[in-house]
Amino acid sequence: MAITTVHDATGRDGPPRGGAPQNRPRRPRRSLLPYLLLAPAVVLELAIHVVPMLVGAWMSLLELTQFHIRDWSTAPFVGTENYRMVLDLDSAAGAELLHSFQVTVLYTVCSVGLSWVLGTTAAVLLQRPFRGRGLLRALFLTPYALPVYTAVITWSFLFQRDNGLVNHVLVDQLQLLGDRPFWLIGDNSFVALLIVSVWRSWPFAFLCVMAGLQNIPADLYEAAAMDGAGFWRRFRSVTLPMLRPVNLVLLLVLFLWTFNDFNTPYVLFGGSAPEQADLVSIHIYRSSFKTWDFGSGSAMSVALLLFLLLVTAGYLLLTNRRRNDA
Amino acid sequence: MRETTAERWARRSVLTLLTLFVLVPLYVMVSSSVKPLQDVQNAFTWWPRRPTVDAFVDMWSTVPLGRYLVNSLVVSSVAAVLSVAVAIFAAFAVSRYRFRGRGLFSVTVLSTQMFPGILFLLPLFLIYVNLGNATGIQLYASRTGLIVTYLTFSLPFSIWMLVGYFDSIPRGLDEAAQVDGAGPLRTLFQVVLPAAVPGVVAVTVYAFMTAWGEVLFASVMTNEGSRTLAVGLQGYSTQFNVYWNQVMAASLVVSMPVVAGFLALQRYFVAGLTAGAVK
């Protein structure tokens, strides 16, 4: 049955119509067709994502240094040696990775939190029609639509010590600071990176929350207002609960994108990030391509993926359980 | 449900602050692009005192911007069109058929979003290089390699959005077509696709934007001949000089088309996100 259904379907189209209608299935039950339709997508995902990932996992078990990069087959199998090296907190490599991990966690928490707050605020404030609303919506979405490198290059100009806008405003115009601080090296670089990241990603939160708000029936607000609920009360009792499904997905996606962020530090700092803003992605990139040690680079990548998998699984479990309890 | 005076002023001041936050960098991009080089190298000024279009002329010769632009255009357009074509078939299968592995497919495709790019960058780089050495198919440092890579980047989200669109098209239409003797593919092309045109256009623009803005793979997988804008724009900062006015001019020029496309189609993105999130 399963094998013949495709012919079945075409065969039944063949005979002249007019037979008993209940004999003609509307759709073959187990056709090959959906699999054929999916095949290109599956093949591409396998070739570009899954296979390289497996190769990466394999590479993380090899001593794949510059001596073996031309011909992998000569790279000796070292088992978990790379993992032991990069995860050993007493070694220099391990300590650097831990530091970079801590920076990334702080960066992600701050960036996702701020982006969500700004995006939700803007979406709620634009919920009701007023003059200029369409214009503001378009303006707020622009940072997300800009190619990431043009946005970040512009910010790196703003943050220039001598000819940038930030120091001009803070030092020359408001005279809040005496000296012209550096923004792209040293302690300030984390703040600079965070500002750029929030500027780039809050419009996405805005877009998603806006889409979610459209699904909230207006009479819910009417009823709440009738009961005397003020702005905050309506936000807490109507908007937030109704936005829950959107927020669950939004926060997860923002978390994953921000944690894996490479583009922002890479363009902002021009290839290598200062220690204070050394995100994991750029840390792995730099240590792989500077030293040509792809084995330990792969080990760090695999460890990163495992960490993200764990967090995601925990997040999904936690949020699903709460939904079932409710 | 009237807005109190306090609420109105709170709304206005918050929106003003957000507007400034978004607008100031955009303003600097535009205003600096019309300043002469000397003015962007000295202390910052809000207003271009000697406006000039020199930067828009010089930027083509400081770096081979034209070549980068062509590379980006070719790579992004081809990747976008191919990605959407692949996504249409996949989304049609997910939306219209119940088959074994349907759930697994959706989960797997979406979870590729979570992979750190850096994880498959290194292996893919080595695979492309070795494939080139072994078979002569040049994927490393070629536009083809970038196209193949980029088209998979936008694929998961494109499929997700298109499933949302297809689901919103009443099945009654499919069934009517099938009663008239249309096969599945004719149903897709003559019934479902025409009804989903806005969604397909929005997804195409999204796929184009994804490829147009990608930095990580472009920085490793290209050489001087196949370099795209994402890497090429860094050429304006040399060891001795940063041509900030030209960087801003070039940024403005390469941003315009994608920003315009995105803003023109924004409500379809919202619709697609809503359709996807409802499930």
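UniProt positions are given here in the numbering used for this structure, feature names are shortened, and annotations may be inferred rather than shown by experiment. This is a predicted model, in which local features need pLDDT of at least 70 and side-chain atom pairs count only at pLDDT 80 or more, while totals for chains, interfaces and linings use all residues. Residues are numbered from 1 along each chain as its sequence is written, and chains are lettered from A and ligands numbered from 1 in the order in which they are written.

**View 1. The annotated span of chain A.** According to an unreviewed UniProt entry, residues 101-317 of chain A carry the annotation "domain: ABC transmembrane type-1". This span is 76% helix and 0% strand, and its end C-alpha atoms lie 24 Å apart; helices (H or I, at least four residues) and strands (E, at least two) are DSSP runs, numbered from the N terminus.

**View 2. The contact between chains A and B.** Chain A contributes 78 residues and chain B 76 residues, where two residues are in contact if their C-beta atoms, placed from the backbone, lie within 7 Å. On the side of chain A that touches chain B, helix α2 (residues 33-59) of chain A supplies the largest share, 16 residues.

**View 3. The loop residue Q175(A).** Q175(A) sits in the loop between α7 (165-173) and α8 (188-213) of chain A, and its phi is near 55°, a positive value in a residue other than glycine. Most residues other than glycine have a negative phi. Q175(A) is exposed because 8 other C-beta atoms lie within 10 Å (buried means 20 or more, exposed 12 or fewer, and partly exposed in between, with C-beta atoms placed from the backbone).
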